[in-house]
Amino acid sequence: MLSRSGIDLTSPGDIPRRGPAHGLAVLILAAAAVACGGGGGAASETSGDPAVPEQETAGAVEPGPDGGLVRSVPIRVGGVPITVEIADTPPLRERGLMHRDSLPADHGMLFVYPDEQLRSFWMRNTKIPLDIGFFDRNGSLLNVERMEPRTEENTLSKAPAMYALEMNAGWFEAHGVGPGDRLEF
């Protein structure tokens, strides 16, 4: 389905009704509604799930480092609160964190895919060292890998993943987050 802003979103029939994918879909719909001038309530209407708690519609649309709009949402990883930018379209996933000089503490980018597959990332045009965590469709952390700036070496998920989370290098270890920990929306 397309929202009024033209952002390509998952159709409501494809959104799982439980687990992180449903919560993330609601957050994405809320951010799109805010970008279109709608309120947080528009997300519940758009999602077709009137029973969605209001806290799941939290999020903000703000100017990004390159002047475009980014959707930032609060989530938890292994119980640790962070703020993530959502990369859920091919152009956003392709750009990722390229050309940035820094990433604030406890901020990252969550790459969202419509299905589980083996995922591969590289660091072309990315200036900062990052860690990447790969998560399955249930939000369970599969593996964490270190990625060095400006390389074209592929970093792979160890199993099919639906989400990938990039954070500053060392973040996962510093916060004791590892395989089996979960994304919470």
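Modeller: The largest nonpolar core has 19 residues. A nonpolar core here is a set of buried Ala, Val, Leu, Ile, Met, Phe, Trp, Tyr and Cys residues joined through side-chain atoms within 4.5 Å. Buried means under 20% relative accessible area, exposed over 50%, and partly exposed in between, with a 1.4 Å probe and protein chains only. Ile75, Val77, Ile82, Val84, Leu110, Leu165 and Trp171 have the most contacts inside this core. Two or more residues come from each of strand 2 (69-77), strand 3 (80-87), strand 4 (107-117), strand 9 (161-168) and helix 4 (171-174). Helices (H or I, at least four residues) and strands (E, at least two) are DSSP runs, numbered from the N terminus. In soluble globular proteins, nonpolar side chains tend to be buried together.

This is a predicted model, in which local features need pLDDT of at least 70, side-chain atom pairs count only at pLDDT 80 or more, and totals for chains, interfaces and linings use all residues. Residues are numbered from 1 along each chain as its sequence is written, and side-chain values use heavy atoms, with hydrogens and water left out.

Now take Leu165. Leaving aside neighbours within four places in sequence, Leu165 is in contact (heavy atoms within 4.5 Å) with Val77, Ile82, Val84, Met109, Leu110, Asp131, Ile132, Gly133, Phe135 and Phe172.

Next, Glu85. Glu85 sits in strand 3. Glu85 counts as buried because its relative accessibility is 13%. Not counting residues up to four places away in sequence, Glu85 touches Val70, Arg71, Ser72, Arg100, Gly108, Met109 and Leu110. The C-alpha atoms of Glu85 and Met109 are separated by 4.7 Å, though the two are 24 residues apart along the chain.

The protein chain averages a pLDDT of 76, and 63% of the residues score at least 70. pLDDT is the predictor's confidence in each residue, from 0 to 100. Over residues 1-18 the pLDDT is below 50, and this stretch has 36 contacts in the model beyond near neighbours in sequence. Residues 28-58 also stay under 50, with 51 contacts beyond four places in sequence. Where pLDDT is low, the predicted coordinates should not be read in detail.
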